[in-house]
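Dear colleague,

I am passing on the structure we spoke about, and below it you will find notes on what came out of going through it. Please look at the structure first and then read on.

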Amino acid sequence: MALVLSMRLEEDFFVGDERFVVVEIKSASHVRVQHGEKVLDLYTSRATPVLPNVRLSVADRGQLGLARIAIEAPKSVTILRGANYRKLSGQ
């Protein structure tokens with residue numbers, strides 16, 4: 001089962017200590033996220049491996065201007081929205 005985050009353009013989330021930023025919402029089924037120097041194309045039709053045992057894809061039922069990112073990861077991996085990560089880490 002995947003965790004699904006609804007994200008707007010330029011919002012970020014963290015998988016562990018790795019930051020991902022929504023840089024483009026091309027359609028309800030195609031979103032681009034930046035991870036470090038890489039820009040990744042995410043689709044509803046396939047999950048993209050981004051870290052060991054972690055895959056990202058686009059969840060169904062996206063809305064105009066809103067990306068729904070599905071994150072598949074082991075339960076031991078912490079996943080947080082950017083604001084929550086910064087609050088917890090004191091940044």
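Four strands make up an open sheet, in which they follow the order 1-8-7-6 and pair in the antiparallel sense. At the edges of this sheet lie strand 1 (3–7) and strand 6 (48–51), each of which pairs on one side only. On average, and with direction ignored, neighbouring strands of this sheet are turned by 30 degrees against each other.

Before going further, please keep in mind that this is a predicted model. The protein chain has an average pLDDT of 93, and 98% of the residues score at least 70. Among the elements of the chain, the lowest mean pLDDT, 93, belongs to helix 1 (residues 82–89), whereas strand 2 has the highest, at 98.

To return to the sheet with the order 1-8-7-6, strand 7 (residues 54–58) and strand 8 (residues 67–72) are joined in it by four bridges in the antiparallel sense. Leu 56 has Ile 71 of strand 8 opposite it. Leaving aside neighbours within four places in sequence, Leu 56 is in contact with a list of residues that includes Phe 13, Phe 20, Val 33, Leu 42, Val 50, Ile 69 and Ile 71. Ser 57, which also lies in strand 7, has a relative accessible area of 9% and therefore counts as buried, the cut-off being under 20%. Beyond its neighbours within four places in sequence, Ser 57 is in contact with Leu 42, Tyr 43, Arg 46, Ala 47, Arg 68, Ile 69 and Ala 70.

In strand 8 you will find Ala 67, which is buried at 1% relative accessibility. Not counting residues up to four places away in sequence, Ala 67 touches Leu 5, Ser 6, Met 7, Ile 25 and Val 31. Ala 67 and Arg 8 are separated by 59 residues in sequence, although their C-alpha atoms are 6.1 Å apart in space.

There is also an open sheet of five strands, with the order 5-4-3-2-9 and antiparallel pairing. Its edges are strand 5 and strand 9 (79–81), each pairing on one side only.

Two of the residue pairs can be named here: Val 22 has Val 33 in strand 4 as its bridge partner, while the bridge partner of Val 21 in strand 4 is Gln 34. Strand 4 in turn pairs with strand 5 over six bridges, again in the antiparallel sense, and Arg 32 stands opposite Asp 41 in strand 5. These two strands also form a hairpin, with two residues between them, and Gly 36 in the turn has a positive phi of about 65 degrees.

Which residues touch the most other members of the largest nonpolar core? In this core of 18 residues, they are Phe 13, Phe 20, Val 33, Leu 56, Ile 69 and Ile 71. The elements that give two or more residues to this core are strand 1, strand 2 (12–15), strand 3 (18–27), strand 4 (30–35), strand 5 (38–43), strand 7 and strand 8.

Finally, there are the aromatic pairs, of which the structure holds two. In one of them, the rings of Phe 13 and Phe 20 have their centres 5.3 Å apart and their planes at 10 degrees, so the pair is stacked. Both Phe 13 and Phe 20 are buried. Phe 14 and Tyr 85 also form a stacked pair, with 3.7 Å from centre to centre and 5 degrees between the planes. This pair links distant parts of the chain, since Phe 14 is in strand 2 and Tyr 85 is in helix 1, 71 residues apart. Phe 14 is buried, with a relative accessible area of 6%, and Tyr 85 is buried as well, with a relative accessible area of 13%.

With best wishes

Terms used
Residues are numbered from 1 along each chain as its sequence is written. This is a predicted model: local features need pLDDT of at least 70, side-chain atom pairs count only at pLDDT 80 or more; totals for chains, interfaces and linings use all residues. Side-chain values use heavy atoms; hydrogens and water are left out. Two strands pair if DSSP finds at least two bridges between them. Axes are lines fitted to C-alpha atoms, for helices over the stretch in contact, and angles run from 0 to 180 degrees between N-to-C directions. Buried means under 20% relative accessible area, exposed over 50%, partly exposed in between (1.4 Å probe, protein chains only). Contact means heavy atoms within 4.5 Å. A nonpolar core is a set of buried Ala, Val, Leu, Ile, Met, Phe, Trp, Tyr and Cys residues joined through side-chain atoms within 4.5 Å. pLDDT is the predictor's confidence in each residue, from 0 to 100. Rings of Phe, Tyr and Trp (its six-membered ring) pair if their centres lie within 6.5 Å; planes under 30 degrees apart count as stacked, over 60 as edge-to-face and the rest as tilted.
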